[in-house]
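Grab a pencil and let's work through some exercises together. Each one sets a task and then walks through a solution.

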Amino acid sequence: SEMHQVLSLRKRHPDPVIAIHPATAGSLGITDGDWVWVESPYGKVRLRAEFSDRLAPDVVDVEHAWWYPEASPPDYRWKESCVNLLFGDHHFDPDTGAEPLKCYLCKVYPVVA
């Protein structure tokens, strides 16, 4: 469940986050706290940008398995921000269904209202 349903934890961390280097974000027109799209050939997800100078400028770090417990069942809006969708459905472990890919090329750009 990734503990998203625990209210005290959710209050401290309410949104799905993508960590991005400030210089990279600036070159993409993204400011700290903006909602952004992260896209691959398989899909796109919406996340909140959080600046981190601990990452290389050509790397982003995205939280996996995000869902919204306050949303209606059965899907809890998991397709909105679950980074697992960016890897397609061709490389799952046949026994557990787990996604073995931990890195992938992606495009990051601001969500335009």
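Contact here means heavy atoms within 4.5 Å. This is a predicted model, in which local features need pLDDT of at least 70 and side-chain atom pairs count only at pLDDT 80 or more, while totals for chains, interfaces and linings use all residues. Residues are numbered from 1 along each chain as its sequence is written, and side-chain values use heavy atoms, with hydrogens and water left out.

**Exercise 1. Work out where Ser40 sits and what it touches.**

Step 1: find the element. Ser40 belongs to strand β2; helices (H or I, at least four residues) and strands (E, at least two) are DSSP runs, numbered from the N terminus.

Step 2: check the accessibility. Buried means under 20% relative accessible area, exposed over 50%, and partly exposed in between (1.4 Å probe, protein chains only). Ser40 has 9% relative accessibility, so it counts as buried.

Step 3: list the partners. Not counting residues up to four places away in sequence, Ser40 touches Leu86, Tyr104 and Leu105. With Leu86 there's a polar detail too: a polar atom of the Ser40 side chain lies 2.6 Å from the backbone oxygen of Leu86.

**Exercise 2. Describe the largest nonpolar core.**

Step 1: A nonpolar core is a set of buried Ala, Val, Leu, Ile, Met, Phe, Trp, Tyr and Cys residues joined through side-chain atoms within 4.5 Å.

Step 2: count and name. The largest one has 13 residues, and those with the most contacts inside it are Ile18, Ile30, Val36, Val38, Leu47, Ala49 and Val108. At least two core residues come from each of β1 (17-20), β2 (35-40) and β3 (43-51). The largest share, three residues, is from β3.

Step 3: zoom in on Val108. Apart from neighbours within four places in sequence, Val108 is in contact with Ile18, Ile20, Leu28, Ile30, Val36, Trp37, Val38 and Val60.

**Exercise 3. Say what lines the largest pocket.**

Step 1: on a 1 Å grid over the protein atoms alone, a pocket is an open set of points where a 1.4 Å probe fits, with protein on both sides within 12 Å along at least five of seven lines; lining residues have an atom within 4 Å of a point.

Step 2: 23 residues line the largest pocket, and Val60, Phe87, Lys102, Cys103 and Tyr104 lie nearest its centre.

Step 3: strand β4 (residues 60-62) gives the largest share of that lining, three residues.

Technical notes:
Polar contact = N/O pair within 3.5 Å; in protein donor to acceptor, adjacent residues only side chain to side chain.
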